Amino acid sequence: MVDKIDTSISGESWDSESLSCTWSGEICTIDGVMYLECLDNTRFRVAQKVPEWREGKRSWQIIPSTDSTGEVSQVMLVSSENLASDGETPDICQLIGRVVQLGKRNSSVQFKIKRAEQKTLKLTLLNSHNLNLKLSQLLKVQAQRVGKFLQILSAVSVDENQESIGENQVTPVSIFPAGETSKKLPSPEFAPPNDAALAALSEETQESGWQLAPAIKRRDGWEWEAVLPTTGKRARVLIRGEKIKVYEYAPEIKEIVDLGIDNGIKIDEQENLNTRLIVRPLGAAKGIGASCFQVFIGPYEIVMDCGTRPKGYDPLPALDYLQNPNLLLITHAHQDHIGAVPVFHARFPGVKMICTPGTREIAHVMLQDCLKVQQMNEDSPELFDETDLERTLFRLETQSIGEDFEPLPGLKVRFINAGHIVGAACIFMQYGDRSLLYTGDYNTTSSRTTEGLKLADLPKADILITESTYGADNHPNRKAQESALLEAIAEVVKNGGNVLVPAFALGRAQEIILAIRTSAVFHKLQIPIFVDGLVRAITDVFRDNLTLLPQSVKNFAQQKQEPFFDPNSPSPVIPITSPKQRPLAMAKPSVIIASSGMLTGGPSIYYATSLLERENSAIFISGYTDEESPGRLLQNLNTGDTVTLDEKELNVRAQIRKFNLSAHADKVGLTQVIHRVNPQHLILIHGSHEALHELSRAGDLKEKYYIHIPSVGDEIVYGQAPGHLSARRLVQFDLPNDFEVNIEAEVEGAWIRIPEEIVESDPRWQLLAENGVLKARWEGFHLKLSPLTQRDIVVEEAIASGEDCCAVCNFFRAGKCQSEESPLFSFSVDPTSKCLEFTRRDVVVETNVKPENEEEIFAEEDEEMDDFY
């Protein structure tokens, strides 16, 4: 007997001729929400309310709904019947529908399914066998559910001349390319060998029941992620030709075992593990490049990031400091954060390595390019070979963003969206009483390819390690900069010129492509957009992983089918696949987006040497450039200057401009993150000398946190203050900021009585009451008191005199002369004096200025701190 499921609620009748889905499972409710839980424990939300149903495992007729990526988002129940005794029947869907959209390389297919007198359905299925489907085909399709996706097993064309599309009207028609009509099944070259992968898993693990995620096409092979639903075990399978490799993720360890810890640090008692937290930079200290950090937390030695320096010499972080690492965590796939991971894996092959899924996908391209650069550049040492790279990528495990996991007993880790590039994450870790947050690179502003870091996602932490790339700068409005770039490009190409946009291949290039593709101006211009270099391969990864991109890109993909490369759009985006094609890209007005963004390598140099001497052309820099890079050199040139680029002396005639589309947070964003995390220790890394020190002086950071600007190899131990802090500053951290006072009214006024313990023991009171005279200022309903020193009195009297003197000079600040032309530069000066460099400023006498002697007290400490750093 078949049990009907209250289908009247849905308002949709069952049309088994056009759609029939039979899945096995049972109904469950979680927090009042109804789910269909299949036999592999995969759950699907039930779309309608079902007041009554049969309990237990049953065979269900359902109507699935899918999103643009093919993931089943929810199901509608139609009917159910008793489950077959063996319970091993696969979950199958059969449909008759028209192809209305194809994903890249036919990887996914959207069907429109018409049902008699009912609402038309649209379902997206994964084309797991790479069947050669075409738009507008009417097909009968059989698909199987694998996890949360539907994978096509077979498809045959339907004869549309018949009035009905019933079973007897389905006529098999070949859907293979011309010349392959004799093949009844796709060849192994095009179809992922799922059966072989499952067999290899069962043989390697001695366990059956593994379920495969959709296959991923790798170079010369296929790769699968797999899960064993009964135990939650995870594994990976790689088939390349006749070779099959299986990697089973390490099982979760439930208790601390002897990890062979010998870090040269004495731990007197076991409970000290709960408070142990030490950080040592192995790279990216007082500069940018080779990001790598050694962290001792609890009983573990953790490594975070392992990148390379862009220059040929000394490319590696200081890996010799590593002793017995237990884990490597990776923030993102830029080479200064991931380029040395194969070296690390070769040295420590048994150590688990974890990143986000997006980072691993991009790492396949970035590390392959890193290897290619090593092999082609005579000045670049070969850090790893093809074998090292293959082993590293195969064993690189993944964890989703936003979910806590426990890679080692007692160690809690979470990846937090960083908003820098696709897959980028901040790393939060906690063991016992201690916690740490490492930001990697991040951006609090959203871009076209990533959503910005959300402050609400950040937890409090004892130590914060933050990048400081733009610690001395504030970014202009991002949308305004993007609009200005597009307008500037349009102006050049309208006048018959070519524009080169050197762009970082990962993130920036795709952002500019999307900006152009969605621009009404370029829709009208119909100017070709050429893409060259590493940009092509990275963009392919983006196209294959739309689930990693913001919803706006997914929506665009649904509407336009192809969000990036599209030779048929009004302004076609065309990849350059051979150096021979490059002259053609400049033969007519065009836009060229090429790597590298700083013109340190790649095809961007070729285009720059050709376009620099053309008056009607332009080179538009779109982001960060290193101080020694050719990109930074070009920014400082004017028309008529000469420059040597790629060993060619060029006379600059092209227009050169800089636009700020940075993927890093600016000074405001950095300080927001710091205050949100509210650490005791603030470690500033990944920035120039100016950026690091400007950020350290921002706002009240010095008053609130122990600030460290370490060198490579320096140890920062939780609870130990930086050695450069004075006794006065240390007291400031330890003493309370709030206390209560009493007001005693008298006939002639009122007295504010300060508690005795403050007057006697707080050195800040000594400063405040040094001269016995205070300045008072109302700030709303709050009364602010500050000391009035003898210098303050002299300055005020000098200003009140109306005479020209240092007190009213534009270069007089904090009691010192700031004019580099003056012989008094950087010296404390008499406010009533005057020198030849005097420049008067408008002065209003106020009684609320910050006391100058407090500035002087800390100025000397700042100088000492700069020397220390």
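**Cysteines, cores and a helix**

Reply: The sulfur of Cys-306 lies 4.4 Å from the closest cysteine sulfur, that of Cys-292, which is too far for a bond, since a disulfide is a pair of cysteine sulfur atoms within 2.5 Å. This is a predicted model, in which local features need pLDDT of at least 70 and side-chain atom pairs count only at pLDDT 80 or more, whereas totals for chains, interfaces and linings use all residues. Residues are numbered from 1 along each chain as its sequence is written, and side-chain values use heavy atoms, with hydrogens and water left out.

Me: Is Cys-306 buried or exposed?

Reply: Buried means under 20% relative accessible area, exposed over 50%, and partly exposed in between, with a 1.4 Å probe and protein chains only. Cys-306 is buried, at a relative accessible area of 0%, and Cys-426 likewise counts as buried at 0%.

Me: How many disulfides does the rule give, and which cysteines does a disulfide join?

Reply: The count comes to 1 disulfide, and it joins Cys-21 to Cys-93 with an S to S distance of 2.1 Å. The link of Cys-21 and Cys-93 is right-handed, with 120 degrees about the S-S bond. Helices (H or I, at least four residues) and strands (E, at least two) are DSSP runs numbered from the N terminus; Cys-21 lies in strand 2 (residues 19-30) and Cys-93 in strand 7 (residues 92-102), so the pair ties together parts that are 72 residues apart in sequence. Both Cys-21 and Cys-93 are buried.

Me: Which residues touch the most other members of the largest nonpolar core?

Reply: A nonpolar core is a set of buried Ala, Val, Leu, Ile, Met, Phe, Trp, Tyr and Cys residues joined through side-chain atoms within 4.5 Å. The largest has 68 residues, of which Ile-362, Leu-437, Ile-538, Val-591, Ile-593 and Phe-620 touch the most other members. Apart from it lies another core, of 36 residues, including Trp-60 and Leu-123.

Me: Which residues of helix 14 are buried, and what covers them?

Reply: An α-helix has 3.6 residues a turn, so residues three or four places apart point the same way. In helix 14 (residues 667-677), the buried residues are Gly-669, Leu-670, Thr-671, Val-673, Ile-674 and Val-677. With contact taken as heavy atoms within 4.5 Å, what covers these buried residues includes strand 26 (434-438), strand 36 (681-685) and helix 15 (689-696). Just after helix 14, Asn-678 takes a positive phi of about 50 degrees.
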